[in-house]
Amino acid sequence: GAGAFAINVDHNRLTASFDPGAEVGAPAKFLGGSPVKAGTHWANHVLTGPPGSGDQTVIYSEPYGDQITMRGTIPADDPGFSTGGAIPDPAALALEIVKKRLLKKGVVLGDAVSSPNEAQVVLASHRSAPLPEIVDHLHKVSDNLEAQCFFLTLGNKEKMDPALALKKHWEAAGVSFAAWRMLDGSGLARANMIRPLDLARVSAAVRRGPAGDRFLRSLSVYANGTISSKLGAMSGVKTEVGFLRCANGRELPFALMANGLGGSVDFWTLKGGFLEAIRQEAPQP
């Protein structure tokens, strides 16, 4: 649940550690947490749960805030138990990190001044990995923060709402959307809405574009190399989008969405039947 900021530190994730109490229900001892900015206040309400109960903690904070509240339980049989939460103010933390590094290198910090005639000196520079490698990583681990940063960056680049920027881009590529709504770039917002048909058409447009082959290589491959796809899931929802290569050589884009899953509904059985039906009905090249 880490939010996306203009500058992000360690994926905006912090680690908090605890020792269990003497018995189930007793307060857990907070051992510390990092990374956070100086002056952050930790409010510990975590209790000791039954042995083997796992991580039942929830860590609350607010963007740009300086208080972190921790509730829930940790297992009684796991001293030094660690759990994760979101950094509330990554920008302030980044500033502290940079200041400490500069001071360590002997750089004296004073009041900020600027002069148009004053020469600027580059102290250090850092370039990110190439964009295709970032996409590879994003597709491999389904990193929600990275996806949201992409989303916001596109909006900033186009000087408009990021959802509108994406919609205009794909409409220019020939995709016509119906019943479409996009509130975030990671897919975590349950109010997001797109038809499977439109999502498959987006994939087809990417595949036909100048980066089509590179995009295909960024996807996971299985079923003896006949399927290249990206799977996304959260509670009750599973979606798979990609390409199916048929025995006759035809490559077909597909999008399979299942919502409200639970009980006896097996997504993998549904998917197998769906893809096999496409394979059997694939038109000749």
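1. The second largest pocket is lined by 24 residues, and A6, I7, N8, H126 and S128 lie nearest its centre. Its volume is about 790 Å³. A pocket here is an open set of points on a 1 Å grid over the protein atoms alone, where a 1.4 Å probe fits, with protein on both sides within 12 Å along at least five of seven lines; lining residues have an atom within 4 Å of a point. The volume is the space filled by probe spheres set on the points, which are joined across faces, edges and corners.

2. This is a predicted model, in which local features need pLDDT of at least 70 and side-chain atom pairs count only at pLDDT 80 or more, while totals for chains, interfaces and linings use all residues. Residues are numbered from 1 along each chain as its sequence is written, and side-chain values use heavy atoms, with hydrogens and water left out.

3. Helix α3 supplies the largest share of the lining of the second largest pocket, 6 residues. Both α2 (131–141) and α3 give at least two residues to this lining. Helices (H or I, at least four residues) and strands (E, at least two) are DSSP runs, numbered from the N terminus. By class, the lining comprises 14 nonpolar, 6 polar and 4 charged residues. Ala, Val, Leu, Ile, Met, Phe, Trp, Tyr, Cys and Pro count as nonpolar, Asp, Glu, Lys and Arg as charged, and the others, Gly among them, as polar.

4. Helix α3 (residues 144–158) also meets helix α4 (residues 162–172): their axes come within 8 Å and cross at roughly 80°. That makes α3 roughly perpendicular to α4 (65 to 115 degrees). On the α3 side the contact (heavy atoms within 4.5 Å) is made by F151, L152, L154, G155 and E158, and on the α4 side by P162, A163, A165 and L166. These residues divide into 7 nonpolar, 1 polar and 1 charged. The axes are lines fitted to C-alpha atoms over the stretch in contact, with angles from 0 to 180 degrees between N-to-C directions.

5. Most residues other than glycine have a negative phi, and most peptide bonds are trans. The peptide bond from S34 to P35 is cis, with omega near -5°; P35 lies in the loop between β2 (29–34) and β3 (41–44). H11, not a glycine, has a positive phi of about 60° and is found in the segment before β1 (13–19). A223, also not a glycine, has a positive phi of about 55° and lies in the loop between β8 (220–222) and β9. H11 is partly exposed at 28% relative accessible area, and A223 is partly exposed at 33%. Buried means under 20%, exposed over 50% and partly exposed in between (1.4 Å probe, protein chains only).

6. L231 lies in strand β9 (residues 227–234) and is partly exposed, with a relative accessible area of 34%. Not counting residues up to four places away in sequence, L231 touches S142, T239, E240, F267 and W268. L231 and P88 are 143 residues apart in sequence and 29 Å apart in space, C-alpha to C-alpha.

7. N259 lies in strand β11 (residues 251–259) and counts as exposed at 66% relative accessibility. N259 touches G236 and V237, not counting residues up to four places away in sequence. N259 and G236 are 23 residues apart in sequence, with a C-alpha to C-alpha distance of 6.0 Å.

Terms used: Parallel < 35°, antiparallel > 145°, perpendicular 65-115°, else oblique.
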